Amino acid sequence: MHYLKEFAEIQNQITKFALAKVLWLDTEVANWNTPYPKLSLIQILAEPTDSTGKFAYILDVLDRPDLIAFFIHQIMVNSQIEKVFHNASFDLKYLGDKSAQNITCTLKLARKISLKTLQTSNLKLKTLATELCQFSDVDTEEGRSDWGKRPLSDKQLHYAAMDTVYLAAVHRRLLKIYNPNFVTNIFNIMPDDSKNTSLTATKVRVAFECPRLFYLHQKFGGNTLFIPPDNQIGIGNSFHQLADSFIKLAISESRFQEVFTNSTSQLNINEIASHLQQLFYEIKFSTYLEKTVEQNPSTAQPLYKVWQGLQGLIRRFAELLVVNRRYCSAEVVIRNTFVSQERKLEHYFQLPDGTQQRVGGEFDCLVYNCEVKRLCVLEFKTYQPVDPSAQLAQVALYSYMLWHQKKVAVDSAVYCVLPEFKEYQYSWEQLENTVHQLIPYKLHQMQQWLTWESPYPNSPPPTTQPYLCKICPQQQKCQTFFPSTVVISASNLPFKDENNGRQDADSTKINSVDADAIGEDLVTTLQSFGISVDYHGAAVGPAFIRVKLKPHLGVKINALLKLSADLQVQMGLANPPLIAPQAGYVSIDLPRPDRQIANFEKYIQPQFLPPAVPIKIAIGVSIEGELVEADLSDANTCHFLVGGTTGSGKSEFLRSLLLSLLYRHSPQHLKIALVDPKRVTFPEFEKMPWLYSPVVKDSDRAIKLMEELVAEMESRYHHFEKAACADLNTYNQRSTQLLPRIVCIFDEYADFMAEKEARTSLEQSIKRLGAMARAAGIHLIIATQRPEAKVVTPIIRSNLPGRVALRTASEADSAIVLGGKHTAAAYLLGKGDLLHQIGSQMHRLQSLFIKNIQLPSA
């Protein structure tokens, strides 16, 4: 069961239940036998096949009228949700009474059927559960216990959870007797037939590529392949059939074995591949080609492509066979290389919420490499995938399922045979601590997506790779089914202040920006200054338009760099453009008049990740619309210095950065230390379970916090030494008690630097943590409105390698944050426009914007 006591987690779970079709509900009431009864618990079951209470939720609402009101508003008055109670008249006294809608009372249903028909002792819920549904050991006494005391006993909680289990079972049994058709209508949310709820490895691949395409395919069917226009389509089945035929022939036909009779020193891969290809062509492919073309002449060209792909595949097989021949005789090398077994796999994955998810699939081929003594599962593709990482997810599932079956490590590989052979190979070690750990979390996320129904909020998110939309096989249906954008003219859109003067890019798509026209206008303007350039395209970001120009021979870059103010005047820009040399061109960033925001919810979804996954923070959205993140385990981005003046969006940046951590890492695996001297940056986070310590608001406590972090670091290194480990990841892999990562976000650092004693103490702590804390899993993010030289001293700068500059008050401040002569931050647009330094490269991003902070359920 899930016993929820914290306000935020209860509110969050109620919001999730608001998307359900049917809920089975019960209540427990304190002081029920007095004139002053109080609602103590609300029990909820949304999984009607649960027979143990494992999936029941118990909401502790004793003396919490605001939560009860929220439940009534979200659930009870919602006519879209069927609420099932046993004795509804009793429960509704505390849950909305006559305002409640769509209520089913199983007691009334039992009375309709009649006691005579049911042949039970009475119509009480526990009696029906025992005599009608054959539950045993049904507790009928605990209901009289004291529901007003805290803490509740385990026996009380089990009793409360099982009430909803009995209710769902009784409801189902009564419906079968009263009207069997109703059972299908109501209980098909969680059907008994596992085939209806099973997933395949292919569907997991699609979910990685695009959650919305996965949803559409699961609900309506249709094509799911993202295939670039220049790729040959419609040949996959033929290729796979012929690839199977090759392997079977190679194993059974002695002529294939004879190819390997020479000594290993005499075996030439090119000759071997040629012989194998020729044999297969003569024995199988020529006949197949002749018959198929005779039936349909238009297949000649596609089959030529199939043969082209087969040649590449056979050559790759020849390479492996030659390697294995060193360890096997000619008679057995082929049989030892191609592992014959049932290719269909299935596995029941344990998900983070305690449920199980069946995943099935069929791999293409399993081979054994004698040199490395390792199996490798293969997946064949007749096209070059636009997202190799999604293909990795599919083949990694096969690897994982085979490991469970054989209890040996299994490598993975994807063979893309057209237009030319390309191989993506992944070792078991690469997958074990990354993809394999992510699979249960991804499956859980996929389950959640499938519960969504239009027009409710929290639909499956769009792909994180917008270029896939151009080749989406269900583009039109997606645009119709997920109406997330409304195309309007910018001239008709008023400039609004609800989002700090920024338009919402996720709810409104502005298509009036003609980037090419702006680019040509810029070229003309530069010509008026005697600067000749060629226009090389433009990209439209949330806050600015980046125009790419190639100066003519003889035009010096400095001539362009000096024109920022002139261009602002001539082109009527609100802010001067940023001009920077790039590899092969000069970029000129022109501010957009219809500025957009990058909505946090679009880019980051709540999904707790395994502890071994690298911990990343969201920095912002690039000009290409992609989320840019920084890995805190990387030596170049393990600690950050953040600078930005008033109005730059620094506080909003820190909040989105913090929430990006909370959405992905549970309180067991991550602790947050917050320093907020102005008391306005983190008020919503003051009671969250992730806190390492209470939010710090004064200098004495800030000094003590930093000293505590230094002590924690030293303690961890002592543990590492005992365990013979070098870092936190290694320690956690070997230890039964995991140590959480700690991220300290220190806002308005300058406020603590006025006193010399405080400054010295803080500097020394930051110096030690900056130099040593990364391996211990402790990370610093130091932010200030005033990145002045006397505040951000060389000691601080040298120990904070990651840099983010929002708009600064001066060029000098910009140079202090970014280092060197980087003064561009002084000319940023504010409100989340930022520069992120990655090595020697400077990236201009738009920070994420959070409309309403909702902490994920811990």
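A search of the whole structure, which is a predicted model, finds 28 aromatic pairs.

**Stop 1: Phe239 and Phe380**

Select Phe239 and Phe380 and display their side chains. The ring centres are 6.2 Å apart and the planes stand at 90°, so this pair is edge-to-face; an angle over 60 degrees is what that term requires. Phe239 belongs to helix H12 (residues 236-252), whereas Phe380 belongs to strand E11 (residues 374-381), so the pair ties together parts that lie 141 residues apart in sequence. Are these two residues buried or exposed? Both Phe239 and Phe380 are buried.

Now extend the selection to Phe246, Phe256, Phe280, Phe317, Phe338, Tyr415 and Phe421. Together with Phe239 and Phe380, these residues form a cluster linked by ring pairs.

**Stop 2: Tyr281 and Phe285**

Next, select helix H14 (residues 269-295), which holds both Tyr281 and Phe285. The two residues are four apart, about one turn of the helix. Their rings form a tilted aromatic pair, with 5.7 Å from centre to centre and 40° between the planes. Tyr281 counts as partly exposed because its relative accessibility is 32%, which falls between the limits of 20% and 50%. Phe285, by contrast, is buried, with a relative accessible area of 1%.

**Stop 3: Charged groups over rings**

Select Trp403 and Lys407. Lys407 lies over the face of Trp403, 5.6 Å from the ring centre. Then select Phe544 and Arg844. Here the charged end of Arg844 sits over the ring of Phe544, at 4.0 Å from its centre.

**Stop 4: Phe752**

Move to Phe752, in the loop between strand E26 (741-746) and helix H28 (756-776). Why does Phe752 count as buried? Its relative accessible area is 4%, and a residue is called buried because that value is under 20%. To see what surrounds Phe752, select its contacts beyond the neighbours within four places in sequence: Val675, Pro677, Asp698, Ser699, Ala702, Phe746, Asp747, Ala758, Arg759 and Leu762. Finally, draw a distance from the C-alpha atom of Phe752 to that of Arg774, 22 residues away along the chain; the separation is 24 Å.

**Stop 5**

**Stop 6**

End at the second largest pocket, which holds about 890 Å³ of space. Which of its 31 lining residues lie nearest its centre? They are Ile579, Ala580, Gln582, Ser587 and Met842. Colouring the lining by class gives 15 nonpolar, nine polar and seven charged residues.

Methods:
Residues numbered from 1 in each chain as written. Predicted model: local features only at pLDDT ≥ 70, side-chain atom pairs only at ≥ 80, totals over all residues. Heavy atoms only, no water. 1 Å grid on protein atoms, 1.4 Å probe; cavity = no way out; pocket = protein on both sides within 12 Å on 5 of 7 lines; lining within 4 Å. Points joined across faces, edges and corners; volume = space filled by probe spheres on them. Nonpolar A, V, L, I, M, F, W, Y, C, P; charged D, E, K, R; others polar. Buried < 20%, exposed > 50% of the residue type's maximum accessible area, 1.4 Å probe, protein only. Contact = heavy atoms within 4.5 Å. Phe/Tyr/Trp six-rings, centres within 6.5 Å; stacked < 30°, edge-to-face > 60°. Lys NZ or Arg CZ within 6 Å of the ring centre and 35° of its normal.
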